[in-house]
Amino acid sequence: MIRKVKTSDAGDICRIYNHYILNTRITFEETPLRVKDMVSRIRETTKRYPWLVCEQGGKVIGYTHATRWKDRSAYRYSAEAGIYLDPGYTGQGIGSALAERLIGELGKKSFHSIICGIALPNRASIALCEKFGFTKVARFREVGYKFGQWIDVGYWEFMLKPPPRRRYHPPVQR
């Protein structure tokens with residue numbers, strides 16, 4: 001079952017995310033999050049962006065959310081997306097189901113583009129993005145440093161719909 005996140009999901013989300021912090025290069029965070037920190041992130045993020053969880057037997061086994069791409073106001077129609085799964089539930093289509101729902105949620109709002117940053121190499125995340133029509137647009141070399149090694153990051157984008165248009169009114173000739 002995929003549903004909107006609740007703050008009561010923060011413990012399960014921390015369990016999932018902290019695994020990636022402590023054991024992988026997928027996230028560039030290096031310090032595990034506390035539940036209260038995740039509650040704050042959920043509250044702040046969901047003011048504008050969707051955050052969804054996949055629940056099985058009362059336990060969150062994966063989640064996805066969108067966040068602000070950049071701080072400047074002209075970026076307000078772009079969102080960055082991420083998906084994290086409990087390691088015991090990968091390869092079962094859960095990531096695809098979460099991605100499809102997140103794209104749908106962002107499409108209902110005023111967003112124009114979705115951006116995914118992927119620490120490289122990461123075949124599974126690349127395959128998921130490209131399955132949904134994301135296009136690789138950039139590769140930044142050695143921009144992260146974790147576990148004693150430099151990490152490249154690739155960026156993929158997906159265009160949702162045209163940006164809002166303002167009517168052009170030519171200057172009045174006098």
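α1 and α2 pack at an angle of about 105°, and their axes are 9 Å apart. That makes α1 roughly perpendicular to α2, because angles of 65 to 115 degrees count that way. One thing to keep in mind: this is a predicted model.

Why give two numbers for one pair? Two packed helices are described by the angle between their axes and the distance between the axes.

Now, which residues meet? On the α1 side we have Ala10, Gly11, Ile13, Cys14 and Tyr17. On the α2 side, they meet Val35, Met38, Val39, Arg41 and Ile42. Sort the contact of α1 with α2 by class, and you get eight nonpolar residues, one polar and one charged. Gly is counted as polar, and Arg as charged.

α1 covers residues 10–23, and α2 covers 35–45. Ile26 sits in the loop between α1 and α2.

What does Ile26 touch, leaving out residues up to four places away in sequence? The answer is Tyr20, Tyr84, Ala119 and Asn122. Ile26 and Ile118 are 92 residues apart along the chain. Their C-alpha atoms are separated by 7.1 Å.

Stay with that part of the chain. β5 runs over 113–120, and α4 over 123–131. Pro121 is in the loop between them. Look at the peptide bond from Leu120 to Pro121. This bond is cis, with omega near 0°.

Last topic: positive phi. Two residues to look at here are Glu142 and Phe147.

Take Glu142. Its phi is near 50°, which is positive, and the residue is not glycine. Where is Glu142? In strand β6, residues 135–146. At 43% relative accessibility, Glu142 counts as partly exposed.

Then Phe147. Phi is positive here too, about 55°, and again this is not a glycine. Phe147 is placed in the loop between β6 and β7, with β7 spanning 149–159. Its relative accessibility is 47%, so Phe147 also counts as partly exposed.

To recap: α1 is roughly perpendicular to α2, Leu120 to Pro121 is a cis peptide bond, and Glu142 and Phe147 have positive phi.

Methods:
Residues are numbered from 1 along each chain as its sequence is written. This is a predicted model: local features need pLDDT of at least 70, side-chain atom pairs count only at pLDDT 80 or more; totals for chains, interfaces and linings use all residues. Side-chain values use heavy atoms; hydrogens and water are left out. Helices (H or I, at least four residues) and strands (E, at least two) are DSSP runs, numbered from the N terminus. Contact means heavy atoms within 4.5 Å. Axes are lines fitted to C-alpha atoms, for helices over the stretch in contact, and angles run from 0 to 180 degrees between N-to-C directions. Angles under 35 degrees count as roughly parallel, over 145 as roughly antiparallel, 65 to 115 as roughly perpendicular and the rest as oblique. Buried means under 20% relative accessible area, exposed over 50%, partly exposed in between (1.4 Å probe, protein chains only).
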